[in-house]
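Student: Could we go through this structure together? I would like to begin with its surface.

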Amino acid sequence: MKETFRQSMAWFHTWTGLVTGWLLFFVFLTGSAAYFKDDLTRWMKPELPLPVQVSHPPIAGMVERAHAFLARQPEAAAGWTIQLPTDGDRVGCGANCSRMLRGYPSPLRVQWADHTESLDSQTGEPLPPLPPTRDTGGGDRFEDLHFRLHYVTRDTGTFIVALVAMLGLLAVVSGIIVHRRIFADFFTFRPGKGQRSWLDAHNVFGVMTLPFVLMILYSGLVEQGYMPKPLVRAAPIAAPPAAGHLPVTVPKAAIGPIIARAEAVLGVGELGEIELEHPAGEAPLLRITRRWGTEYPFSSRSGSELVFDADSGDLLDQPFTFGQPPPHKARWWLAGAHFAWFAGDGLRWLFFLSGLLGAIMIATGLILWTVKRRERLGRRGAAPAHLEAIERLNLGVMVGLPIGMAACLWANRLLPLTLADRADWETDLLFLTWLWVLAWALLRPLARGWVELTALAAGAFAALPVVNALTTDRHLGVTVAHGDWRLAAVDLTLLALGLAFALLGWRLARRGAGSEAGRRWARPGPEDARDEAAAT
Amino acid sequence: MSQGDMRRGDMRRGDMGQGDMSRSDKRRRDLPVVDKARTDGPRCPTLLAYRLAVTSRILAAIVGSFLLTPALQAVLIETMPFSEAPPFPQNSLGASLLGFAIQVPIVLWIIHVPSLVRAWTWPLLATVLAYGLAWGLMPGGLATGGLP
């Protein structure tokens, strides 16, 4: 392709980066927000009560009280599930199950047929229902956008994201090959030197986030499932044949020893669910599943549960998870790393910041592409139309998407609660606002557009805690006083983002005002007309 | 040399002052800046030919990597030391997980290889060889005289 391997890789890095940059920026930004999806969901549902830590009695006692409650339910004979209470210190399973949010303790719950009931763990009596919450996509919406886009079918969205992730991975690997002085690049930043400064910034952010970006792209590709598949001997995993079920009763075996044995394998305090079923032709089975948020959460259910004979209390099946071979471990390690299932607060923040820095790395790469060509071509006169368009699209995406995300949160607070399809409107407003910003970026002078839109972004983010305070009683004054720092962190992060955009806008305005272009920016005059005439 | 070409020469020098220029820098500065198509691809005399060559190479990268990667995965399945028994065939899972790590260098090689003919033919040949090797290794395959 080119004379040397590094030249080929530089060419490939440039073009894959340009082709995938905007969509990858979208995926990174929405994905970063998704690391705090449960906290965002709590913020977007201000009707939920503030969390109160409740001390619970021993598990065996809770299970017996739940049994007593279930024995009074006629439909529970088909089988039931007991969900043990959690303290909310681990991430939940999002849209797939509504029982737990990170930072929000969940009570003892029982499920049977189509029913779910929360119980008082001390008395076994039903708890009063939670207040109804507003119709909102919550933080899960950002996760959905991250991996399956919007306004396209799920299959199309995941395919596009997988394709972009693959090109992104190729761009990263070719970028590593291009930057042979990768360690030195990390410590090199020469400000105020145009193209060179942008290259330095791109390198610094690239090196800083390299382990995270490699991990997140690779594990994301594995999660999306569009991996190249071997064509021979890939044995299909057959679903077990469906068996009929017999009615269940309260297990005859004492629950205490079963719980103790399960905790010996899964860990003390690690039990999540207890399920009873009675397949035809077998003994009634008591399945005890590990808590969510450990290393093998959903999708690997069969690998993280113990199965007991409910009549004799014998352990029937040691799960596949334990002592499993490396490929299986690797698959779940990748999933756990991508979703940060194991991460506590500190590591979660590190993932979030790495995601943001990854987005900034992409943004600096896209700007570098335009600055390089602008410096090469611009002095000869007007830039070609495609360069102008890319510069404006950069602005529309890099500032427009954050503004759109802020608009989604504004919509959550300001749309009427009775509005039909309210959750969909939140997302629609994200994209409508983004579209408007894109139009603004295309129509306004570029330098002025950057200052105007960063100022708008600053205002949009910084005002959100104020709007929150004016429209709900879940504002900083309440959450901080209550010690609910996870919820308070949402408001504080919005303020910090507003401040960051304000600083960026202020710096851009100062830089613009100090240059010839900036003076023209301040006082549009005949030079602009001349430039436009030259451009045409 | 046009004024624009001179500026491109200036860009090449970066921030170096005139006094810092080495002989090779001066020689490079004096080179005429020629059409991108000619500098980027000596085998592509026109811009159209250059674009066709790039398109063909991208297609070769897609087709070649998606043919060769599964073939190499098939070899891995036959050589990895884990169980292939259902319901969790570990070799298949391991080979699938390694798929992207295999595909990336294949794509990069196809992008770099100087000859477009090699970019198309070598991955295809390697695919045939890899499937042959996998067939040879698999139970009931060449090693035991049977068919897959």
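Tutor: A patch is made of residues with over 30% relative accessible area and no salt bridge, where like charges are joined within 9 Å and nonpolar side chains (Val, Leu, Ile, Met, Phe, Trp, Tyr) within 5 Å. A salt bridge is a side-chain nitrogen of Lys or Arg within 4 Å of a carboxyl oxygen of Asp or Glu. Accessible areas come from the Shrake-Rupley method with a 1.4 Å probe, and for residues only the protein chains shown count as cover.

This is a predicted model, in which local features need pLDDT of at least 70 and side-chain atom pairs count only at pLDDT 80 or more, while totals for chains, interfaces and linings use all residues. Residues are numbered from 1 along each chain as its sequence is written, chains are lettered from A and ligands numbered from 1 in the order in which they are written, and side-chain values use heavy atoms, leaving out hydrogens and water.

Student: Which residues form a nonpolar patch on the surface?

Tutor: The patch consists of Ile58(B), Leu59(B), Ile62(B), Val63(B), Phe66(B), Leu67(B) and Leu124(B), with about 570 Å² of accessible area together. Helix H4 (residues 47-79) of chain B supplies the largest share, 6 residues. Helices (H or I, at least four residues) and strands (E, at least two) are DSSP runs, numbered from the N terminus.

Student: Changing topic: which residues other than glycine have a positive phi?

Tutor: Among them is Ala113(A), with a phi of about 45°, in the loop between strand E2 (108-112) and strand E3 (115-119) of chain A. Another is Leu149(A), with phi near 60°, in the loop between helix H4 (138-148) and H5 of chain A.

Student: Where do they stand on exposure, buried or partly exposed?

Tutor: Ala113(A) is partly exposed, as its relative accessible area is 49%. Leu149(A) counts as buried, at 13% relative accessibility.

Note on methods. Buried < 20%, exposed > 50% of the residue type's maximum accessible area, 1.4 Å probe, protein only.
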